[in-house]
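Welcome! Please take a look at the sequence and structure below, and then we can walk through one part of it together.

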Amino acid sequence: MKTLMRIVLALIVLAGVVIAAMIWVPEQRTPAKALDVPKSDITAAKGEYAMRTADCMACHTADGGEPFAGGRKIESPLGIIYSTNITPDKETGIGHYSLDDFRASLYDGLRKDGAHLYPAMPYENFRFLSEADVQSMYLYFMEDVPAVNNAVPATELKFPFNQRWGLRAWDWFALKNPEFKPVSDDAQINRGAYLVQGPAHCGACHSPRNLIMAQDGLTQESPAFLTGGELDGWSVPDLRGKDSVAGQWSTQQMANYFATGRNDYATSVGEMSLVVKHSLQYLTDEDNQAIAAYLTHLSGGTKAGSMAAQSPVVMTETERMLNTADPSLPLGAQLYLDNCGACHAMDGRGAPEIFPRLDGNDLVTADLATGLIHVILHGAELPSTEHRPAALRMQAHGWRLNDEEVAALATFIRQGWHNQASAVSASEVQPLR
C-alpha cells in the first residue's frame with residue numbers, strides 16, 4: 001500500500017510538472033557540438049565496447065527480434081513504453097541522424113525531430129559519457145550495425161503523459177550538467193566511477209526516485225545515490241552502505257559477480273541477469289575490477305571484504321531443526337527440506353558459484369518479498385558467460401505449490417538462520433503467478 005501511495009503521489013506531481021511545462025517552462029537543450037578528440041580515440045571497436053557498457057542491446061532488442069531494431073516493451077508507472085529502432089535504417093531507425101543528433105539523444109533525450117524521449121532512456125546518466133565514447137558509438141552504429149527496417153509500435157500513454165513536449169519541464173528539473181568529475185586521485189577508482197555514473201547507468205536501478213520519478217542523485221555527492229530502489233515491484237539492493245554487498249564482499253567477489261552473474265555468495269536474478277548477459281560479461285577484467293573498486297570505496301568497505309567474518313560456522317537453530325527431519329516440523333521447514341535443501345543446504349549457504357546462499361542474501365531479506373516469491377514460482381536462470389559457460393537453471397515450483405505453501409516457504413527462508421525479514425502472506429503470492 002505504501003508503494004502504491006508513492007506511485008500515485010509521483011504521478012500527481014509529474015502531471016503538475018507537465019502542465020507547468022505547457023504553461024511556462026522554456027525549451028532547454030544543452031548545446032550539442034563536437035569536441036576536439038584525437039582520431040585514434042574514435043573507432044568502431046571502441047564504440048561497440050561503449051555500447052556493451054551502456055547495455056543498449058538489452059533495451060533496444062525485442063524478444064525474438066533483430067538486434068537494436070527496437071520494439072521491446074518497457075514497463076513504467078505511466079504505462080508501456082516501446083524502445084526505439086537504433087539501427088542505421090533511414091526510414092525507421094537512426095540512419096538519418098548526424099553526430100550532433102545522436103549526441104542530443106544521449107545527452108538531452110531529444111529525437112532528431114525535436115520530440116522528447118521518455119526517461120526510460122537513461123539520458124540522465126548518459127550525459128556523463130565522454131566525447132570519445134559518444135563519437136565511437138556513433139561510428140559503430142552507423143558502420144557496423146546492420147540496418148533493419150522495423151517500425152516499432154507507437155508509445156501511447158494517457159493524458160497528460162502522452163504530451164512529449166511537456167517533458168521539457170521534467171528535463172529542466174532533472175538534468176544536470178553533462179560532465180563527469182573525477183572522484184579520487186586513484187585512476188582505477190575514477191574509471192569505476194565513470195562507468196557506474198555514466199555508461200553503465202547503475203543509478204537508474206540502484207538509486208531511489210524522487211517525486212517526479214527522476215533519480216534521487218546522479219553522483220556520489222548525493223547521499224541517496226546507489227542506496228537502493230524499486231523496479232517492477234522488486235527491491236533493488238543498496239550498493240553504498242557498509243552493510244551492503246559492496247561493503248561486505250571483496251572487490252574480487254564483486255568483479256566475479258559482474259563478469260559471470262555468480263560468486264561465492266550470490267547469483268544474479270531478474271534484470272541483473274540481463275545486465276550480466278548483455279553488458280557486464282563483455283567488459284574487461286580491469287573495468288569490472290574498477291567498478292568493484294569504486295563501489296568498495298563508496299561504501300567504506302575494504303578490498304578483502306568482511307562477509308566471511310560475519311558468517312561464523314556455528315550451527316544455527318534453523319540448521320539444527322532441519323537436520324532433525326522431524327515429521328512435525330512447521331510447514332515452511334518441511335517444504336524447504338523437500339524443495340530447497342538439496343541445493344542450498346541445511347545451513348543455507350548453498351554452493352559457491354552454483355547455488356546461492358540464502359542466509360544473508362539481499363534478495364531473500366529485501367523489504368519487498370516480490371523477488372523471492374517470483375523465483376520460487378517461476379525459477380531463475382544464470383546466463384552463459386565467457387568465464388562460466390554453463391547456463392544453470394533453478395526449476396520453478398509454482399506448478400506444484402499453492403499460494404499458502406509458497407508463502408510458508410518464503411517466510412521460512414526470510415526468517416531462517418540469521419535472516420530477520422517480515423513474513424509473506426498468500427495474498428502476496430497470487431498476483432505473481
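Which residues does Leu 295 touch, not counting residues up to four places away in sequence?

## Starting from Leu 295

In this predicted model, Leu 295 touches Leu 226, Leu 239, Ala 246, Met 254 and Phe 258, with residues up to four places away in sequence left out of the list.

Leu 295 also belongs to the largest nonpolar core, which has 55 residues; Phe 68, Phe 141 and Leu 295 are those with the most contacts inside it. Helix 13 gives the most to this core, with six residues. There is also a second, separate core of 24 residues, and Leu 329, Ala 369, Leu 372 and Ile 376 are among its members.

## Getting to know helix 13

Helix 13 covers residues 285-299 and reaches 21 Å from its first C-alpha to its last, close to the 21 Å expected for its 15 residues. Just after helix 13 comes Gly 300, with a positive phi of about 80 degrees.

Because 12 of its 15 residues are buried, helix 13 is largely enclosed by the rest of the structure. The buried residues include Asp 287, Tyr 294 and Leu 298. Their packing partners are helix 2 (44-54), helix 8 (187-197), helix 10 (245-248) and helix 11 (251-260).

## Where helix 11 crosses

The axes of helix 11 and helix 13 come within 8 Å and cross at roughly 130 degrees, so helix 11 is oblique to helix 13. Their crossing is right-handed.

On the helix 11 side, the residues that meet helix 13 include Thr 251, Met 254 and Phe 258. On the helix 13 side, Asn 288, Ile 291 and Leu 295 are among those that take part.

Notes
Residues are numbered from 1 along each chain as its sequence is written. This is a predicted model: local features need pLDDT of at least 70, side-chain atom pairs count only at pLDDT 80 or more; totals for chains, interfaces and linings use all residues. Side-chain values use heavy atoms; hydrogens and water are left out. Helices (H or I, at least four residues) and strands (E, at least two) are DSSP runs, numbered from the N terminus. The expected span of a helix is 1.5 Å times one less than its number of residues. Buried means under 20% relative accessible area, exposed over 50%, partly exposed in between (1.4 Å probe, protein chains only). Contact means heavy atoms within 4.5 Å. A nonpolar core is a set of buried Ala, Val, Leu, Ile, Met, Phe, Trp, Tyr and Cys residues joined through side-chain atoms within 4.5 Å. Axes are lines fitted to C-alpha atoms, for helices over the stretch in contact, and angles run from 0 to 180 degrees between N-to-C directions. Angles under 35 degrees count as roughly parallel, over 145 as roughly antiparallel, 65 to 115 as roughly perpendicular and the rest as oblique. A crossing is left-handed if the near helix is turned anticlockwise from the far one by less than a right angle, and right-handed if clockwise.
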